[in-house]
Structures are given as structure tokens and as C-alpha cells.
Amino acid sequence: MGRFEGKVAIVTGAGSGIGKATAVQFGAEGASVACLDVTGAQDSVAADISSAGPGKAVGISCDVSNEDAVKAAVSEVVSRLGSPSIVCNIAGIGKFSHTTDVELADWNRIVGVNLTGPFLMCRLNCWNHGPAL
């Protein structure tokens, strides 16, 4: 029996790095894990979690900077796994450049993923299905 058995966890950025490691650990400790990412790698991470057990997982494509995409992803989590009780906002991007060299479009994308994404995930209050779902 894992310490997260019976819990549903949403992990953004689950396709690689810290997000993947977090999703795998939740699955190893019994959680049902929604692996959210835009890279396409979320499906293989979810398959690895489910085959390793004891938790199960689903991969869901989601651009966390897009409100409609976040709403759709959370709705899919609820329908496939149940109400989430854990949300890990791990998705993040960056660029190693001098401020004067960063294009505005790049800056807006970084802010969208790193700040707006967690805001949208938290605002939806996923475990209560949010105000707009």
C-alpha cells in the first residue's frame, strides 16, 4: 500500500526532467497520475508508470498557458481518473539570453508557461472541478 493510494495527481511538465520524475514517483507510491505535457512524451511516461505499478497513469496533451486547454485537460482527468487531490505545477521553460536579446514573443511564451500555467491550474481549483468546468 503506497502513501498516495487512492489519490489522483496532476503533474504538468511530466514528459521529462523533474516533472517526469515526480509523476513516476507518485505512480510508484500508488497514485493515479495524469501526466500533462505538450511534447508528446507524456504518453510513454504514463505507459511506463502503469506498467511498473502500483499506480496507473494517463498521458494528456496540454498547453498550460492556454485556458481552454487546461479546462479540457482537467475535465479529461476527472472523467478518466477521478477528482484530483494533488496538483504539481512543474511545467516550465526558459531561455539563456541577455535581456536585451530576448524577443517579446519568447518572453510572452515563458511568462505564459511559467506563470500563467500554474495560475490557470490553481484557479480551476482542480480538486473541486473549478468554477468554469
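Let's start with Thr 12: setting aside neighbours within four places in sequence, this residue is in contact with Gly 19, Leu 36, Val 64, Cys 88, Asn 89, Ile 90, Ala 91 and Met 121. Keep in mind that this is a predicted model. Thr 12 belongs to strand S1, which covers residues 8–12.

Once neighbours within four places are left out, Lys 56 is in contact with Ala 31, Ser 32, Val 33, Ile 49, Ser 50 and Leu 81. Lys 56 and Gly 30 sit 26 residues apart in sequence, yet their C-alpha atoms are 7.7 Å apart in space.

Are these two residues buried or exposed? Here is how they look side by side:

| Residue | Relative accessible area |
|---|---|
| Thr 12 | 2%, buried |
| Lys 56 | 45%, partly exposed |

Thr 12 counts as buried because its 2% is under the 20% cut-off.

Next, the largest pocket, which holds about 250 Å³ of space. Its lining is made of 18 residues, and Gly 13, Asp 37, Val 38, Ala 91 and Gly 92 lie nearest the centre. Which helix or strand gives the most to this lining? That's H1, with three residues. Helix H1 (17–28), strand S2 (32–37) and helix H4 (104–123) each supply at least two. Sorted by class, the lining has nine nonpolar, six polar and three charged residues.

Notes:
Residues numbered from 1 in each chain as written. Predicted model: local features only at pLDDT ≥ 70, side-chain atom pairs only at ≥ 80, totals over all residues. Heavy atoms only, no water. Buried < 20%, exposed > 50% of the residue type's maximum accessible area, 1.4 Å probe, protein only. Contact = heavy atoms within 4.5 Å. Helix = DSSP H or I, 4+ residues; strand = E, 2+ residues; numbered from the N terminus. 1 Å grid on protein atoms, 1.4 Å probe; cavity = no way out; pocket = protein on both sides within 12 Å on 5 of 7 lines; lining within 4 Å. Points joined across faces, edges and corners; volume = space filled by probe spheres on them. Nonpolar A, V, L, I, M, F, W, Y, C, P; charged D, E, K, R; others polar.
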